[in-house]
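Hello,

I am handing over the structure below.

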Amino acid sequence: MTAIQVTKLRKSHGGFEAVRGVSFEVGEGEIFALLGRNGAGKTTTVEMLAGFQRPDGGTVRVLDLDPVADQAELRRRTGVMLQEAGFFQELTVGQTVAMWRDFTAVPRPLEEALDLTGLTTKADTKVRQLSGGEKRRLDLALATLGRPDVLFLDEPTTGMDPEARKNTWDIVRGLAAEGTTVLLTTHYLEEAQRLASRLAILDAGEVVAYGGMVETLAGRSGRVSFTLPDSVAPDDLPVPASVIDGRAVCQAADPDLAAQTLLSWASERGLRLASLEVRMATLEDLFLEAAGNDR
Amino acid sequence: MTGTAAAFRLSTRLFWLDRGVVFGTVVTPVVLCVGMPVLMGALRPDGVAGAVQTFVGGLAIVLSVSTFMSIVQALTARRDQLLLKRLRTTLLTERQILVGEISGQVVQTVALVAVCTLAVHLAADVPLPRNPLLYAVFVVAGTTVVAILGAAFTALVPRLELAAVMSMPFFLVAGVGAGAMGPFMEMMPTALRMVFAALPTDAVVTVARTTIASGTIAGDLRAALVPAIKLVVWGLIGIFALARWFRWEPRRS
């Protein structure tokens, strides 16, 4: 069943069209990644899904609700971790979560919320004394306090150290395993690749790539690279290659096969392909290609 | 706990946690509203009459500092620090957030006015209002209207640093109009006096003056009619402006 349905969504700020006809669907219990460069329209899209901004065109349904018209019901069933939102600096972590329980329909117990996000030892620390990563964990504690059916996470691990990031991934996976639908925006492509089962890449307010993570990556070429021997010209190689900074780079749908072909060819000629690297397509390749970062 | 009650509790708690705000919006106006009448009562030849005049004028200062300037400061800070944005992610509706904030300011100011009224009675012999109910109704209604106007005014404040500076003119105009800063009104042309008399704080000052002076209940009610109309009109203007222009987030640069 579909938890989030976005169809031909449009939004302008002043004369600038931030979102231009975006469409995608997210299934129940799925972790979906919305990727794109800064200014691609990710946050504007998330804010329309969460009901903070009214779309100029197109339709949005979250849990079959209109985020603007059915805002009260939507708030009961969703959690939002905004990219930027303030805290009451003079309250402690425990006081903040306890206060938030007053604003939440069926909140988790305080101890559970702190434990879930690894903030138990910080319960008596004032928010202004927390590091950036700890504030993001508090953000997550507030967003998940009401056991939401749909969770919007806008850059959830920004500022976290590697361990906290990994813990956050575990939390997100755990919530998804319990049936929570997660829509995630992130700058960390590794994060998206590890967590999400499906993705959409936005560029200049439009979807430029969309689908299942595995299928989308399988459709992209991998790469074989090595230091080109002095006596060899790129045209001599048995597979098409270009030379970048003295390294031959071959794009291939099946990089393993391309590597075998190259090694056999080199062996027959007594050549050594130094620093050989074989790499399947990654989300980074897809992102750079789709979002046009290499332009 | 209802959403409005939760928002009220939050607003009140945050207010008392901020010592700078407490000093500026509680200590200063109370010192002015109580200290000046006591001083006037002791120094001026008309004694109690002078203290009464200064005290009712001081009510305009309490309303403008403890309510108007305080809510402008609080809401602008919460908007610029993206706290209002965060609150909107919760079950609280926009109306509950604003009503909680406004009612927090109203309760605090009404409590201050009650303290000041008792203090000047004990320290400067200013009579207690003959008609405490009418006095209380106008203090509550006037404070509410001023708080609504303050909340609406934040739409004009581009950033927190300018909140105090931009709300200062209201304090000066309300204080001068109420006679709290000396007998300036006696020197002003009639047209300008009418402008000052149209202020929402003047409605509270007028009814306070009436209920403290000798008179009858019927006379009090007649005197309260025009101030009541003023408060209704200002209240409607404030609610319209709040609904139309209130900003939940800082302007995008």
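**Sheet in chain A**

In chain A, four strands form an open sheet with antiparallel pairing, in the order β11-β12-β10-β13. Strands (E, at least two residues) and helices (H or I, at least four) are DSSP runs, numbered from the N terminus, and two strands pair if DSSP finds at least two bridges between them. At the edges are β11 (242–244) and β13 (274–279) of chain A, each pairing on one side only. On average, neighbouring strands of this sheet are turned by 25 degrees against each other, direction ignored.

This is a predicted model: local features need pLDDT of at least 70, side-chain atom pairs count only at pLDDT 80 or more, and totals for chains, interfaces and linings use all residues. Residues are numbered from 1 along each chain as its sequence is written, while chains are lettered from A and ligands numbered from 1 in the order in which they are written.

Six bridges join β10 (residues 222–227) and β12 (residues 247–252) of chain A in the antiparallel sense; A:S225 stands opposite A:V249 in β12(A). Helix α9 (residues 255–268) of chain A lies across β10, β12 and β13 of chain A and runs at about 30 degrees to β10(A). Axes are lines fitted to C-alpha atoms, for helices over the stretch in contact, with angles from 0 to 180 degrees between N-to-C directions.

**Chains A and B**

Contact (C-beta atoms, placed from the backbone, within 7 Å) links 18 residues of chain B with 18 residues of chain A. On the chain B side, α1 (3–17) and α4 (83–87) each supply at least two residues, and α1(B) gives the most, with four residues.

Regards

Terms used. Contact = placed C-beta atoms within 7 Å.
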